[in-house]
Amino acid sequence: MSQQLIATEEILSRRILAIDDEEANVALLRNLLQREGYEDVHCLTDSTKALEAYIDLEPDLVLLDLMMPEVDGFQLLEAFSRHDAADEFRPVLVLTADTTIQARRKALALGAKDFVAKPFDVIEVGLRISNLLETRLLYERLRAAPGV
Amino acid sequence: MSTLPNSRTTRFWADRPLAYKGVVVIALPLAILIGALASLYLASNAEAEAEDDVRRAFAIQRDIYQVRAMLAEAAAGVGDYALTREDRFLEPYERMENQLSPTLQRLDVAIEDDRVQAGFQDLLRVVEQKREGLRETIALAQSPQPSTQTEIEESLLASKMTLDAVREEIDNIQRLEAIVLDERRALVDDVRSRFFALTAVSGIVGLLGSLMAVYLFSTGIVRRVSKLEQNAEMLARGERLTELPEEADEIGRLSQRLVGASALLRKREDDLRASEERFRLVIERVRDYGIFTLDTGGIVTSWNLGAERIKGWQAEEILGQHFSQFYPDDTRDYLPDQMLERARAEGAAEDEGWRVRKDGSVFWANVVITALRNEAGELQGFAKVTRDMTERRRSEDALRLAREDAVAASLAKSEFLSRTSHELRTPLNAILGFGQLLEIDLEDFSQPHQEAVERITRAGRHLLSLINDLLDISSIEAGGAELEYEEVDVAAMLEEVHDLAEPIVSSAGLSFEMALPEAGAKVVADRRRMTQVILNLVGNAAKYNVEGSFVRLGASLDGDGAATFFVEDDGPGIDPANASRLFTAFDRLGQHKRDKTEGTGLGLALSKGLVESMGGQIGYSPRKPGSRFWFTLSSQPTENSRPKADQES
């Protein structure tokens, strides 16, 4: 943990958007994030509203399921990267029960920054979330620094 | 040649080489010319000789006259001297004494004829007598004792008589010489007439010989050459040459070769015709292929049994008809012409499609049209081979449908597996996730609740491994297991697995022994799946060996490039009655009830599936005490193994 660079409070204050069509899994994520201390957590079970939420909320991190009815995670990954500016670093952590190598490759190719298969280890997922947010904060800080 | 009389001479002449004949024809007139020239030369020689003889005879006559004249003058002078004693009358005598000897010597040389020579010798004698008489007379006249007139007269008279004898001898010689001259002349005439006769005869003979040679040349060569030319023309027309000429010269041999060539040509022609006939008969009897020919315009010109069987037309019905009627309505207008055009341009044209039978029914045909060209490359027509492929097309269709069904079924199965996997994992995620969150706060719960939480998570994890194994087995059975083959170093691999499994074995209180093969041995396998199989076997050994003291992992190399991996223990072993059910899914042989050991009951079934899909075998053999599980892997790539595409894990 690189606590020297980014303060824990700063990470915990960041906005997280979790998208999963399964109510129980959304509840698990919300529970996990609250326990970790995250304050700004938004959850969605209807993937058709995900892009709208993504645009409105401008989350710092997205937790995304892949297999969802109507609009699946791959389509959302494409939509997110179309929406974001080229120099934006807004990480997406894919959490899916599809364990095939094809799904893993496709998600990473479409811009997902990390991939964890369900059922996952809650501690591991918590660590990956904080790592990704830390990376985003460092990136923002670098971008804001003069002369860089 | 039959036009010549077959006599021995003619035959001999005909057999001579052409060079010989040429020499003879040229040499005959030449010989005649040389003969004539020689006789001319001889005749002129003889004539010159005769002329010399005549000239010599005249010289002899002149000299004899001179001798006679000198003697006569000397005698007259001596007579006058005797009477007068004046010295001037002795002048002719002295001249005679000076000139007579050279003249006589000349005559002696000139006279060749023996008879004349004999006369000449007589003459010499009387001339000597005469000279003696003259010398006596002069001596008498000069004697100091005056001789009587009578003595002188007597001497003169004797001299006169001697002179007469000389005259007689000279006349005799001249007569003889005349005879010799006449003989010479007669001889010359004889020689001349003989040469004339010889020249005439040789001229006539030469002329006849030349004519004969020309005749022989014209008959024996010119005529035969023209005959040869006719034969060559016949040969060119392909007619048969039967006469075998017997002459041994070049023309004769050439003619013989032509006849030989004609025979060879005829034999080849016969062979070709026989081969064509055999081929035609073979083609006619072919039943499975419709084979027929078309002229350049597409009119059917031959028809075999196969064509009759496939298309339904008898030969007599279809010969002379255009082949477009084999095509159905929708292609009849353009396809036949297109096919001929393609065959004309490319040598052959192949097509597969519907064709029409005589009764109007259609069949699926494979058609090859081949352009037939002669040696000059001119199009002679087309050969068409038609096969009825209806049955094959039907079976192909059936096969394709079956294949499509199989692919669809396989896809459906994969899709089902994938869905099942997802559907089972999704709820498990919540169960295990919440269970884990509860475990984190375990101290907050009362003892019974703590146990409940532990049960939930343990059961959840068991369910997860069941799901994983089940999906593995299903995907192997569906042929969907994605194996990534590579060369695996056996010893290094076993060391790695040893490190991984060490905690499991030692936590069961057992020693972990290794039996490594020699370094460098390799097998071709999917490394991850191979590890999975070994871990499963080691895990089983550790789990069930509650009485023994060790687990042994090792491998041995077979002679044929395969390796046998084994896991041994000194545990209770397997009941022989149950050994046959070892590799059956979910059949735990009652172990879980007896020993409460954890397990899905799928491990060995999964291992068996994995080993077999990698081309190996798996098995069990009892030890005393304990068990031995083994499996084999080949060092050669199996037919379904492929090199590992990338290093993706």
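## Getting to know a predicted two-chain model

Me: Which residues have the most contacts inside the largest nonpolar core?
Reply: In general, nonpolar side chains tend to be buried together in soluble globular proteins. Here the largest nonpolar core has 38 residues. Those with the most contacts inside this core are B:Val538 and B:Val551.

Me: Which element gives the largest share of this core?
Reply: Among the elements of chain B that give two or more residues to the core are helix H13 (490-507), strand E8 (522-526) and helix H16 (603-613). H14, E9, E10 and E12 of chain B also give two or more. The largest share, eight residues, comes from H14(B).

Me: How many residues are in the other core that lies apart from it?
Reply: Some of its members are in chain A, among them A:Tyr54, A:Val62, A:Leu76 and A:Val125. The number of residues in this other core is 36.

Me: In the open sheet of five strands in chain B with the order E7-E9-E10-E12-E11, is the pairing parallel, antiparallel or mixed?
Reply: Strands of a sheet pair through backbone hydrogen bonds, either parallel or antiparallel. One pair here, E7(B) and strand E9 (residues 550-557) of chain B, pairs in the parallel sense over five bridges. Taken as a whole, the sheet has pairing that is mixed.

Me: Why is one side of strand E7 and of strand E11 of chain B left without a neighbour in the sheet?
Reply: Strand E7 (511-515) and strand E11 (618-622) of chain B stand at the edges of the sheet. One side of each is left without a neighbour because each has a single partner strand.

Me: Which helix packs on the sheet by touching E9, strand E10 and strand E12 of chain B?
Reply: Strand E10 covers 562-569 and strand E12 covers 627-634. The helix that touches them and E9 has a direction that makes about 20° with that of E10(B). This is helix H14 (residues 527-544) of chain B.

Me: What is the handedness of the crossing of H12(B) and H16(B)?
Reply: Helix H12 (residues 447-477) of chain B packs against H16(B) at an angle of about 35°, with their axes 10 Å apart. B:Asp469, B:Asp472, B:Ile473, B:Ile476 and B:Glu477 in H12(B) meet B:Ala605, B:Leu606, B:Gly609, B:Leu610 and B:Ser613 in H16(B). By class, this contact has five nonpolar, two polar and three charged residues. The crossing is left-handed.

Me: Which residue takes a positive phi in the hairpin of E3(B) and E4(B)?
Reply: Strand E3 (residues 348-356) and strand E4 (residues 362-373) of chain B run antiparallel and are joined by nine bridges. The hairpin has five residues between the strands. The residue with a positive phi, near 95°, is B:Gly360.

Me: Is B:Val109 buried or exposed?
Reply: This residue is found in helix H3 (residues 91-110) of chain B. B:Val109 has 8 other C-beta atoms within 10 Å, so B:Val109 is exposed.

Me: Which helix gives the largest share of the side of chain A that touches chain B?
Reply: The contact takes 18 residues from chain A and 16 residues from chain B. The residues on the side of chain A divide into nine nonpolar, four polar and five charged. The largest share, six residues, comes from helix H2 (residues 23-36) of chain A.

Note on methods. Residues numbered from 1 in each chain as written. Chains lettered and ligands numbered in written order. Predicted model: local features only at pLDDT ≥ 70, side-chain atom pairs only at ≥ 80, totals over all residues. Pairing = 2+ DSSP bridges. Helix = DSSP H or I, 4+ residues; strand = E, 2+ residues; numbered from the N terminus. Contact = placed C-beta atoms within 7 Å. Axes fitted to C-alpha atoms, helices over the stretch in contact; angles between N-to-C directions. Nonpolar A, V, L, I, M, F, W, Y, C, P; charged D, E, K, R; others polar. Core = buried A, V, L, I, M, F, W, Y, C linked by C-beta atoms within 7 Å. Buried ≥ 20, exposed ≤ 12 C-beta atoms within 10 Å, placed from the backbone. Left-handed = near helix turned anticlockwise from the far one by under 90°.
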